[in-house]
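Please open the structure in your viewer and keep the selection tool at hand. The stops below say what to select next and what is to be found there.

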Amino acid sequence: MKILKKIQTLTGIATLAMLAVGLWFVYGAPEDFQQGGAVRILYIHVPSAKMALLSYLFVTVASVLYLWKRSETADILAEAATSVGAAFTAITLASGSIWGKPMWGTWWAWDARLTSMLVLLILFKGLMVLRNSLDDPIKGARATAILAIIGAVDLPIIHYSVVWWRTLHQPPSMAASGNSGVHISGPLLPPLLILSGAFILMGLFMVTVKARQIEARRHLDALESARMHPDE
Amino acid sequence: MLKAVYRIAWKDVAGDLRRRATLSSMLFFAISVLVVFQAAFEPDRKEALRLLPGLLWATTLFTTLVGLGRVFQAEEEDGAFEGLLLASVPRGVIFFGKWLGNLLLTLLVEFLILPLTLVLFNVDAWGHVPAILGILTLGTLGLTGLGTLLAAMTRGARSRETLLALLLLPLTAPMLIAGVQAIAGVLLQDGEVIPWLKLLIIFDLVYLAMAPWAFGWLVEE
């Protein structure tokens with residue numbers, strides 16, 4: 001796929017440029033009057049959280065396309081986006097924890113968002129493990145695609161079940177993490193938007209790099225099996 | 001159609017009742033989970049009442065994994081799965097047959113385990129037994145539905161038992177939360193029960209609607 005190489009170069013350059021502009025804005029942005037400098041972790045945390053969910057959406061769409069059209073490209077893209085999504089999910093959880101320790105006084109709380117993000121990470125890992133533990137690549141691809149779709153249907157139910165779990169009985173003491181009517185102030189917004197854009201480009205860049213890797217590896221595997229079984 | 005579902009389920013259940021392979025390992029696994037809980041937490045009577053909903057569901061979930069590891073075992077050993085697929089019924093019917101067989105065995109174990117738990121943990125909740133059994137049954141419908149599908153998905157996979165646990169446990173989070181809260185609501189007589197039952201029903205409907213369709217995709221050659 002020649003086009004992937006072009007996309008990789010383009011998104012690579014664009015990501016670098018946008019990250020540079022975004023970081024320049026971050027240094028210009030004022031500190032939060034309560035949170036001080038720690039608010040800056042938000043510029044990593046929020047874009048990666050968006051990318052984690054976007055990656056899952058991408059995996060789901062690619063999986064549907066794979067089952068429907070049987071296109072191997074869709075399967076390669078799904079596999080690539082799975083690892084990229086897992087990475088963004090891990091970054092979201094880690095950066096949120098680092099922010100949570102000084103702000104909430106704890107690394108972790110069983111809040112709805114945190115819990116469903118953790119389930120998302122396990123789900124990404126499950127997709128990766130499932131594909132690797134089936135010997136027949138076609139069966140592996142099909143099972144993984146179906147699991148991705150099941151996960152896409154289950155994720156909203158998981159999210160709402162933990163929301164209800166944590167709000168039916170207890171007062172929402174951790175609601176600072178949710179939309180408790182808190183609005184971000186004006187000057188903090190532009191760097192966040194620019195960095196979100198940069199992260200989307202970075203995600204695309206990572207998916208293309210990974211997809212080209214996977215394509216090359218599958219090509220190698222095919223050559224290897226042709227060499228081992230020349231008569232087939 | 002219904003007859004085919006019943007035949008496939010009966011083949012599994014009757015075969016298992018005669019050999020007592022899956023049923024007895026599930027039962028004794030469940031008992032050992034109870035022993036582990038008792039040794040790990042040493043609850044007194046009051047704590048045991050509070051822990052009971054979680055205890056029941058955790059035992060159910062772990063025990064289900066044992067049963068699910070064997071759903072397709074008989075067919076795999078004899079290479080009979082292809083034969084089953086050749087049956088002139090839709091793939092969804094085959095799925096429902098395998099699901100029903102697994103469901104019946106799992107429910108049987110749950111029904112045996114509940115009185116045992118009440119006795120072993122010295123909890124006086126005998127008046128709530130029908131309600132608790134109802135909630136366990138409601139959750140188990142979707143749990144075994146999702147589980148049977150995942151068992152079909154991991155058929156022939158390396159280290160499938162571990163894989164099955166890794167895939168099943170996160171996806172059953174809604175069932176676990178709703179099931180535990182519903183039983184707690186019944187036992188303590190103060191919590192909400194109906195909203196959690198609704199969540200369990202949503203969980204059941206989603207999985208029992210999706211699974212036969214997904215099963216058809218999975219076994220296609």
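This is a predicted model: local features need pLDDT of at least 70, side-chain atom pairs count only at pLDDT 80 or more; totals for chains, interfaces and linings use all residues.

Residues are numbered from 1 along each chain as its sequence is written, chains are lettered from A and ligands numbered from 1 in the order in which they are written, and side-chain values use heavy atoms, with hydrogens and water left out.

**First stop: the cores**

Phe215(B), together with Ile150(A) and Met153(B), has the most contacts inside the largest nonpolar core, which has 117 residues. A nonpolar core is a set of buried Ala, Val, Leu, Ile, Met, Phe, Trp, Tyr and Cys residues joined through side-chain atoms within 4.5 Å; buried means under 20% relative accessible area, exposed over 50%, and partly exposed in between, with a 1.4 Å probe and protein chains only. The most to this core, 13 residues, comes from helix H10 (residues 194-219) of chain B, where helices (H or I, at least four residues) and strands (E, at least two) are DSSP runs numbered from the N terminus. Apart from this core lies another, of six residues, among them Ala29(A), Tyr43(A), Leu195(A) and Ala198(A).

**Second stop: two loops of chain B**

Next, select Glu42(B), in the loop between helix H2 (21-41) and helix H3 (45-68) of chain B, which has a positive phi of about 40° although it is not a glycine. Most residues other than glycine have a negative phi. With 61% relative accessibility, Glu42(B) counts as exposed. Then move to Asn122(B), in the loop between helix H6 (91-120) and helix H7 (129-153) of chain B; Asn122(B) is not a glycine either, and has a positive phi of about 60°. Its relative accessibility is 44%, so Asn122(B) counts as partly exposed.

**Last stop: a loop of chain A**

Finally, select Asp111(A), in the loop between helix H3 (72-104) and H4 of chain A. Is Asp111(A) buried or exposed? At 13% relative accessibility, Asp111(A) counts as buried.
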